[in-house]
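Q: I would like a close look at a single part of this protein. Please go through it step by step, in plain words.

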Amino acid sequence: MFWQQLVNGLTAGSMYALIALGYTMVYGILKIINFAHGDIFMVGAFLGLIIIKQFHLGFVPAFLLSMVIVAIIGIIIEKIAYRPLRKSTKLAPLLSALGVSIFLVNFAQLVWGTEVRSFPPSLQIDTFQVGSVTLSNIQIYALLISFALMLALHFFVHKTKMGVAMRATSHSINHARLMGINVDNIISLTFGIGSALAAAAGILIGLYYDAVYPVMGYTAGLKAFTAAVLGGIGSIPGAMLGGLLLGVVENLGAAYISMGYRDAIAFGLLIIILLLKPTGLLGKNIQQKV
């Protein structure tokens, strides 16, 4: 049972990590928490579902199209809800984020209803036996896609000019501006990438649990935020590690202790880590950078 739960935990954790990356990238640059990020994840799940059902596209084009649309939505949200408040107190962007979150949930309920929706049966679920571990094709897709996206982000941030500009902006917005970097475009790009990754996680989680509904972003967003803090808020490797660790711990805890304590175990781990290392596992100081 241990190996089965380990695989299940890595699957869930890899998807938490994708969402956590959006939190940590925005915090790494602006030092604010985008509490609407979980609901952007929900919008991505719904868009993927609608594109597959209504437009009869395959999984891959629906997946990519949803990521692109949600990236644009993320950029629009940044321009409308965050950019005008950039010079305000830290409380103003937080309240704006909560407003965006409420708007997205109510918009989803108005347009798509409040009931739980499932992906079409054309997405056949196949299972494979590897020793004592049972794997589904959905788990394999989720693991491969999640790790591929995380590796792609790592390459982008460390090996491209835009990535270098993003890291420079995370260290100091004013110094980056003096170096000729268009800070506004970099911040918009950060929101776009984070939103696209959240959309990818939304579709994968919707497929994995076969359930998409308007308030699904609350729990997933809270756990992803926990993963980001656990790994070290502002650290991209920390968000990846935190997501994987959170997924493994909550699945092992649910299997060996009780399913009812699944969330309590996950957040209990967060409390323990923060008591022992307040900046998270890979955090160095309060100004930990991307």
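Which helix supplies the largest share of the lining of the second largest pocket, and how many residues does it give?

A: The helix is α9, which gives four residues to the lining of the second largest pocket. The model is a predicted one, and what follows was computed from it.

Start with the pocket itself. The second largest pocket holds about 260 Å³ of space. It is lined by 13 residues, and those closest to its centre are Ile205, Tyr209, Tyr213, Thr219 and Ala220. Three helices, α1, α8 and α9 (216-231), each supply at least two residues of this lining. Sorted by class, the lining has ten nonpolar residues, one polar residue and two charged residues.

Next, consider how two of these helices, α1 and α8, lie against each other. Helix α1 covers residues 2-30 and helix α8 covers residues 183-209; they pack at an angle of about 165°, and their axes are 9 Å apart. Because of that angle, α1 is roughly antiparallel to α8; the cut-off for this term is an angle over 145 degrees. The contact between α1 and α8 is made up of 21 nonpolar and five polar residues, with no charged ones. The crossing of the two helices is left-handed.

The phi of Asp210 is near 55°, which is a positive value in a residue that is not glycine. Most residues other than glycine have a negative phi. Lys31 is a second case, with a positive phi of about 60° although it is not a glycine either. Lys31 sits in the loop between α1 and α2.

Now return to α9, and look at its other partner. α9 packs with helix α11 (residues 262-276) at an angle of about 25°, with the two axes 10 Å apart. α9 and α11 are therefore roughly parallel to each other, since angles under 35 degrees count as such. The crossing of α9 and α11 is left-handed. From α9, the residues in this contact are Leu222, Lys223, Thr226, Val229 and Leu230. From α11, they are Arg262, Asp263, Phe267, Leu269, Leu270, Ile273 and Leu274. By class, the contact of α9 with α11 has eight nonpolar residues, one polar residue and three charged residues.

For comparison, here is the largest pocket. About 370 Å³ of space lies in the largest pocket. Its lining has 21 residues, and Leu30, Arg86, Lys87, Lys90 and Ile173 are the closest to its centre. The elements giving two or more residues to this lining are α1, α6 (161-171) and α7 (173-178). Of these, α6 gives the most, with three residues. By class, the lining of the largest pocket has seven nonpolar, six polar and eight charged residues.

In short, α9 gives four residues to the lining of the second largest pocket, and α9 also packs with α11 at an angle of about 25°. The lining of that pocket includes ten nonpolar residues, and α1 and α8 each supply at least two residues of the lining as well.

Technical notes: Residues numbered from 1 in each chain as written. Predicted model: local features only at pLDDT ≥ 70, side-chain atom pairs only at ≥ 80, totals over all residues. Heavy atoms only, no water. Axes fitted to C-alpha atoms, helices over the stretch in contact; angles between N-to-C directions. Parallel < 35°, antiparallel > 145°, perpendicular 65-115°, else oblique. Left-handed = near helix turned anticlockwise from the far one by under 90°. Nonpolar A, V, L, I, M, F, W, Y, C, P; charged D, E, K, R; others polar. 1 Å grid on protein atoms, 1.4 Å probe; cavity = no way out; pocket = protein on both sides within 12 Å on 5 of 7 lines; lining within 4 Å. Points joined across faces, edges and corners; volume = space filled by probe spheres on them. Contact = heavy atoms within 4.5 Å.
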